[in-house]
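Student: I am new to this structure and would like a close look at one kind of side-chain contact, with its surroundings.

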Amino acid sequence: MFLPKKHNPGLAVLLMIVATAFIAATTLFAKALGGDTLGPPLHPFQISHGRFVFAFIAIASAVAATRPQLTRPHWGLHFARTFFGWGGVTLMFASVAFIPLADATAIVFLNPVFGMILAIPLLGEKVGRIRWSAAAIALAGAMLLLRPTPESFQVASLLALSAAVIMGVEIIFIKKLSGREAPIQVLLINNFLGVLIASVAVLAVWQMPTAAQWAVLIALGICMALAQACFVNAMARADASFVAPFSYGTLIFATLYDIAFFAQIPDWITLTGAGIILSGGLLLAWREARLRQLP
């Protein structure tokens with residue numbers, strides 16, 4: 001399940017699309033848990049705690065069943081990656097309680113842009129005009145989604161923007177981990193450390209979930225584990241430059257979930273801003289692919 005060997009681009013695309021559906025579903029569940037439809041709203045710390053606990057249980061069960069070969073991990077890099085990942089996902093879950101899923105998802109998709117910018121001082125990478133142009137395009141889309149006028153500005157959008165920045169930092173540590181350890185080991189350790197971090201953070205805000213909230217927390221964790229498994233399999237079955245653009249399917253599913261479950265029809269600002277961010281992200285992905293092809 002986690003360690004495919006055959007090159008299969010068609011299946012890779014399908015797996016990536018399925019992964020995006022699961023990822024968008026986690027934000028849908030977080031929005032439901034952060035509202036009052038299932039009981040008293042849960043704090044974002046408690047929602048992210050459930051995400052890590054139940055995802056870890058699912059992934060640990062898969063590891064126990066498949067018994068992959070594990071190597072000695074780099075605990076420092078794992079902890080840094082997980083800490084920023086936990087912070088990013090918690091802010092993401094906090095934002096979707098107040099703004100449409102499509103808006104929050106589009107803004108969080110800025111994380112590769114911030115990862116590129118942060119790679120300059122932290123990894124010593126050089127950034128050319130095309131990548132700077134892609135970053136500027138994506139940031140322009142984000143500014144539109146922030147609706148920076150007194151009548152329409154939404155403070156919760158800043159939570160999604162902060163999530164994008166923090167996830168950009170996470171990308172730096174993901175790059176440092178890249179190639180060091182098997183993907184299944186990275187996922188297992190990431191979720192294990194996530195449980196530890198989230199368990200400490202949730203102590204001050206813990207409240208007993210209702211039966212419905214327990215069910216949704218479990219579904220959220222399982223969806224995240226399935227999303228990670230599909231993502232890893234997709235990346236292993238085709239070139240990253242070919243598969244990565246399909247990750248923007250998350251935005252499509254988030255929009256569909258908004259319409260189906262919350263009757264939130266995206267307005268022209270959402271559609272335009274998301275389209276601009278998507279254009280910048282695809283340009284950045286194209287440039288990254290070209291750079292990897294250079295000798």
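Which residue lies over the face of F52, and at what distance from the ring centre?

Tutor: R51 lies over the face of F52, 4.0 Å from the ring centre. For a charge to sit over a ring, NZ of Lys or CZ of Arg must be within 6 Å of the ring centre and within 35 degrees of the ring normal. K31 is placed over the face of F262 at 5.3 Å from the ring centre.

The model is predicted, so local features need pLDDT of at least 70 and side-chain atom pairs count only at pLDDT 80 or more, while totals for chains, interfaces and linings use all residues. Residues are numbered from 1 along each chain as its sequence is written, and side-chain values use heavy atoms, with hydrogens and water left out.

Rings also meet other rings. Nine aromatic pairs turn up in a search of the whole structure. One of them joins F83 and F84: the ring centres are 5.6 Å apart and the planes stand at 80 degrees, so the pair is edge-to-face. (Rings of Phe, Tyr and Trp, the last by its six-membered ring, pair with centres within 6.5 Å; planes under 30 degrees apart are stacked, over 60 edge-to-face, the rest tilted.) F83 is partly exposed at 38% relative accessible area, and F84 is partly exposed at 26%. (Buried means under 20%, exposed over 50% and partly exposed in between, with a 1.4 Å probe and protein chains only.) The rings of W206 and W214 have centres 6.1 Å apart and planes at 55 degrees, so this pair is tilted. W206 is partly exposed at 40%, as is W214 at 31%. F83 and F84 also belong to a cluster linked by ring pairs, together with F45, F79, W86 and F173.

(Helices, H or I with at least four residues, are DSSP runs numbered from the N terminus.) Both partners are buried: E170 has a relative accessible area of 13%, and R81 has 11%.

The nonpolar interior comes next. A nonpolar core is a set of buried Ala, Val, Leu, Ile, Met, Phe, Trp, Tyr and Cys residues joined through side-chain atoms within 4.5 Å. The largest has 55 residues, of which L33, I47, M92, F93, L110, Y257 and I277 touch the most other members. A separate second core has nine residues, including I59, L187, A225 and V232.

V200, in helix α8 (residues 183-202), is by contrast exposed at 61% relative accessibility. From V200 to L33 the chain runs 167 residues, and their C-alpha atoms are 20 Å apart.

Most residues other than glycine have a negative phi. R67 has a positive phi near 50 degrees, in the loop between α2 and α3, and is exposed at 72%. A263 has a positive phi near 55 degrees, in the loop between α11 (249-262) and α12 (268-293), and is exposed at 63%.

Terms used
Helix = DSSP H or I, 4+ residues; strand = E, 2+ residues; numbered from the N terminus.
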